[in-house]
Amino acid sequence: MSLSPDQFVKAARLPSNIPNMEFGNWRLDRFNSALSSNNGQYNDFACLRKYVKPKDVSYENMHRVDEDGMIWDVVMEDSLGELRKHLPIWMIAKGHVLKTGLGLGCVVRGLLIKPDVTRITVVEIDPDVAERLGEQFQNNPRVEIVVADALDFDYQSIQPINYAWHDIWVPENKGLQTMHAKLMQAVGESVPQGAWDMSRSFKRLFRERWSGYIG
């Protein structure tokens, strides 16, 4: 069965029956933006954020948050543009797929419409995310969510992995590429795998443009 890019994008979006909510230091909100539209389609999007306390954050001198400050750091959103960037994952993946970091679950939902993806193992460090956003997959026999630190997890303890995608999160993505490299090494060089890294400049633009709506 050949699946179109639009089918993957539609399947990946956060279900409407999952409400906006706050849990732990996390916050799930929905917004409406022309930036996310495609001829009037998908102009709404969900955004997952975490309240963090960085030691020192500087956005090219736009403003500064000191050690006592708190900011909402954007972890993931399911806008049309964002989901399209994940198309290579869905098109390549097959067999047993490893996903480090659950986020909104978009990658998992996109994978589930592929019959040749037989199993998905998600390693998520935050029990709140695993519980609240992982609930949608709890009755799916193809999905297993493991609450663990992906950097310490023993990948030899699970069945052989056919493809892996790494998308862990740290505030401002500091050191993220190095962490993803360590994950790739831990999984094994023989396994096809990749990682996503949202640029700091994009995150700054997002905060600047939407500060009046999501501050």
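Hi everyone, let me start with helix α6 (residues 176–187), which lies across β7, β10 (163–166) and β11 and runs at about 165° to β11. Axes here are lines fitted to C-alpha atoms, for helices over the stretch in contact, and angles run from 0 to 180 degrees between N-to-C directions. Contact means heavy atoms within 4.5 Å. Helices (H or I, at least four residues) and strands (E, at least two) are DSSP runs, numbered from the N terminus.

A quick word on the source. This is a predicted model, where local features need pLDDT of at least 70 and side-chain atom pairs count only at pLDDT 80 or more, while totals for chains, interfaces and linings use all residues. Residues are numbered from 1 along each chain as its sequence is written, and side-chain values use heavy atoms, with hydrogens and water left out.

Now the overall picture. The protein chain has 7 helices and 11 strands. Of its 215 residues, 50% are buried; buried means under 20% relative accessible area, exposed over 50%, and partly exposed in between, with a 1.4 Å probe and protein chains only. Among contacts between residues at least 6 apart in sequence, 61% join residues at least 24 apart.

β7, β10 and β11 belong to an open sheet of 5 strands with parallel pairing, in the order β9-β8-β7-β10-β11. Two strands pair if DSSP finds at least two bridges between them. At the edges stand β9 (143–147) and β11 (193–195), each with a single partner strand, so one side of each has no neighbour in the sheet. The twist averages 15° from one strand to the next. Between β7 (residues 95–100) and β8, which run parallel, there are 6 bridges, and K99 stands opposite V122 in β8.

T121 sits in strand β8 (residues 117–124). What does the side chain of T121 make a polar contact with? The partner is the side chain of H96, at 2.8 Å. Leaving aside residues up to four places away in sequence, T121 touches H96, V97, L98, K99, E144, V146 and I158.

On to the other sheet. This one is open too, with 4 strands in the order β1-β2-β3-β6 and antiparallel pairing. Its edge strands, β1 (21–23) and β6 (71–77), each pair on one side only. Neighbouring strands here are turned by 30° against each other on average, direction ignored.

β1 and β2 pair in the antiparallel sense over 3 bridges, with M21 opposite L28 in β2. The two strands form a hairpin with 2 residues between them, and G24 in the turn has a positive phi of about 60°. E22 is in strand β1 and counts as exposed, at 56% relative accessibility. E22 and K50 are 28 residues apart in sequence and 9.5 Å apart in space, C-alpha to C-alpha.

D29 has C47 in β3 as its bridge partner, and F31 has F45.

That brings us to the rings. A pair of aromatic rings is described by the distance of the centres and the angle of the planes. Rings of Phe, Tyr and Trp (its six-membered ring) pair if their centres lie within 6.5 Å; planes under 30 degrees apart count as stacked, over 60 as edge-to-face and the rest as tilted. The count comes to 4 aromatic pairs. F31 and F45 form a tilted one, 5.7 Å centre to centre with 40° between the planes. F31 lies in β2 and F45 in β3, so this pair ties together parts that are 14 residues apart in sequence. F31 is buried at 14% relative accessible area, and F45 is buried at 3%. Then there are F153 and Y155: their ring centres are 5.0 Å apart and their planes at 70°, so that pair is edge-to-face. F153 is buried at 16%, and Y155 is buried at 4%.

Last stop, helix α1 (residues 5–12), where F8, V9 and A12 are buried. Why do they count as being on the same side of α1? Because they cover an arc of only 95° around the axis, taken from the directions from the helix axis to the C-beta atoms. What covers the buried residues of α1 includes α2 (80–84), α3 (87–92) and α4 (106–112).

Key
Polar contact = N/O pair within 3.5 Å; in protein donor to acceptor, adjacent residues only side chain to side chain.
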